[in-house]
Amino acid sequence: MAKILIADDEQKIREVIREYSEFNGHEVTEAADGMTAVGLCKLNDYDLIIMDIMMPKLDGFSACKEIKKIKDIPIIMLSARSEEYDKLFGFELGIDDYVVKPFSPKELMARIGAVLARNNAAERPVERVMTFEGLEINIPARTVSVDGEKVDLTPKEYDLLFYLVENKNIALSRDKLLSDIWGYDFFGDDRTIDTHIKNLRNNLGKYRDYIVTLRGVGYKFEA
């Protein structure tokens with residue numbers, strides 16, 4: 001169970017996120033403006049904040065700045081604005097994900113799960129050489145072997161596989177994969193991820209099924 005703070009001036013949005021979050025076993029606190037959100041963070045500890053940008057008293061960006069001064073809490077930003085500079089500004093402030101309204105509550109829950117899992121994983125040592133049946137992935141050496149035979153991948157295929165493996169069993173959205181592997185300034189679309197996943201699966205041969213498609217969300221390496 002995680003303690004989640006939802007900061008949004010739209011009551012219906014808060015209610016929907018609360019309903020889905022509590023269904024997934026999380027404890028939820030609400031704030032209707034940025035000022036209240038900052039005040040709550042000074043008094044309490046949270047595992048994740050879901051923050052709207054356009055709020056009264058103090059906007060989401062300003063609230064994020066103030067919160068980051070006192071505590072390092074993962075933040076998912078919500079906004080009806082999909083402009084690239086808004087996303088870039090948010091990531092420069094240190095947010096973990098950016099979700100554009102209207103959004104699918106189920107997808108938001110998947111993103112929440114991914115952010116929480118990554119935050120927990122960051123506190124644990126990561127295995128650098130991993131074996132899954134006959135599939136060996138050596139991250140420091142940047143090599144991949146299938147049943148003892150080395151597989152040659154493109155640089156981005158290596159990056160994608162390593163990222164999936166380091167976050168194994170975590171649902172990763174296509175947007176997250178694009179932003180973390182290709183960079184926030186990449187001018188592409190979801191087909192870029194799908195094409196690389198297809199090629200990566202072909203190279204993994206009989207171990208292709210370790211990469212699982214999550215319909216409507218993205219992918220995960222399931223081990």
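## Sheets and helix packing

In this predicted model, β6, β7, β8 and β9 make up an open sheet of 4 strands in the order β6-β7-β8-β9, with antiparallel pairing. The edges are taken by β6 and β9 (149–151), each with a single partner strand, so one side of each has no neighbour in the sheet. From one strand to the next, the twist averages 25°.

- Strand β6 (residues 129–132) pairs with strand β7 (residues 135–138) in the antiparallel sense, over 4 bridges.
- Within this pairing, Thr-131 has Glu-136 in β7 as its bridge partner.
- A hairpin is formed by β6 and β7 with 2 residues between them, and Glu-133 in the turn has a positive phi of about 55°.
- On to the next strand, β7 is joined by 4 bridges to strand β8 (residues 143–146), and the two run antiparallel.
- Ile-137 stands opposite Val-144 in β8.
- The hairpin of β7 and β8 has 4 residues between the strands, and Arg-142 in this hairpin takes a positive phi near 55°.

**The three-stranded sheet**

- A further open sheet has 3 strands in the order β10-β12-β11, with antiparallel pairing.
- Its edge strands are β10 (172–173) and β11 (211–214); each has a single partner strand, so one side of each is left without a neighbour in the sheet.
- The antiparallel pairing of β10 with strand β12 (residues 218–221) extends over 2 bridges.
- Opposite Ser-173 stands Gly-218 in β12.

**Helix α6 and the two sheets**

- Helix α6 (residues 155–166) lies across β10, β11 and β12, and runs at about 70° to β12.
- Helix α6 also lies across β6, β7, β8 and β9, where its direction is at about 80° to β8.
- Both angles, about 70° to β12 and about 80° to β8, count as roughly perpendicular, because that class covers 65 to 115 degrees.

**Helices α3 and α4**

- Two packed helices are described by the angle between their axes and the distance between the axes.
- Helix α3 (residues 60–70) packs with α4 at an angle of about 15°, and the axes are 10 Å apart.
- The two helices, α3 and α4, are therefore roughly parallel to each other, as angles under 35 degrees are assigned to that class.
- The crossing of α3 and α4 is left-handed.
- On the α3 side, Phe-61, Cys-64, Lys-65 and Lys-68 meet Asp-86, Phe-89, Gly-90 and Leu-93 of α4.
- By residue class, the contact of α3 with α4 comprises 4 nonpolar, 1 polar and 3 charged residues.

**Leu-88 in helix α4**

- Leu-88 is located in helix α4 (residues 84–93).
- Leu-88 has a relative accessible area of 29% and is partly exposed, because this value falls between the 20% limit for buried and the 50% limit for exposed.
- Between Leu-88 and Tyr-98, which are 10 residues apart along the chain, the C-alpha atoms are separated by 9.5 Å.

**Burial of helix α7**

- In helix α7 (residues 174–182), 7 of the 9 residues are buried, so the helix is largely enclosed by the rest of the structure.
- The buried residues of α7 are Arg-174, Lys-176, Leu-177, Leu-178, Ser-179, Ile-181 and Trp-182.

Terms used:
Residues are numbered from 1 along each chain as its sequence is written. This is a predicted model: local features need pLDDT of at least 70, side-chain atom pairs count only at pLDDT 80 or more; totals for chains, interfaces and linings use all residues. Side-chain values use heavy atoms; hydrogens and water are left out. Two strands pair if DSSP finds at least two bridges between them. Contact means heavy atoms within 4.5 Å. Axes are lines fitted to C-alpha atoms, for helices over the stretch in contact, and angles run from 0 to 180 degrees between N-to-C directions. Buried means under 20% relative accessible area, exposed over 50%, partly exposed in between (1.4 Å probe, protein chains only). Angles under 35 degrees count as roughly parallel, over 145 as roughly antiparallel, 65 to 115 as roughly perpendicular and the rest as oblique. A crossing is left-handed if the near helix is turned anticlockwise from the far one by less than a right angle, and right-handed if clockwise. Ala, Val, Leu, Ile, Met, Phe, Trp, Tyr, Cys and Pro count as nonpolar, Asp, Glu, Lys and Arg as charged, and the others, Gly among them, as polar.
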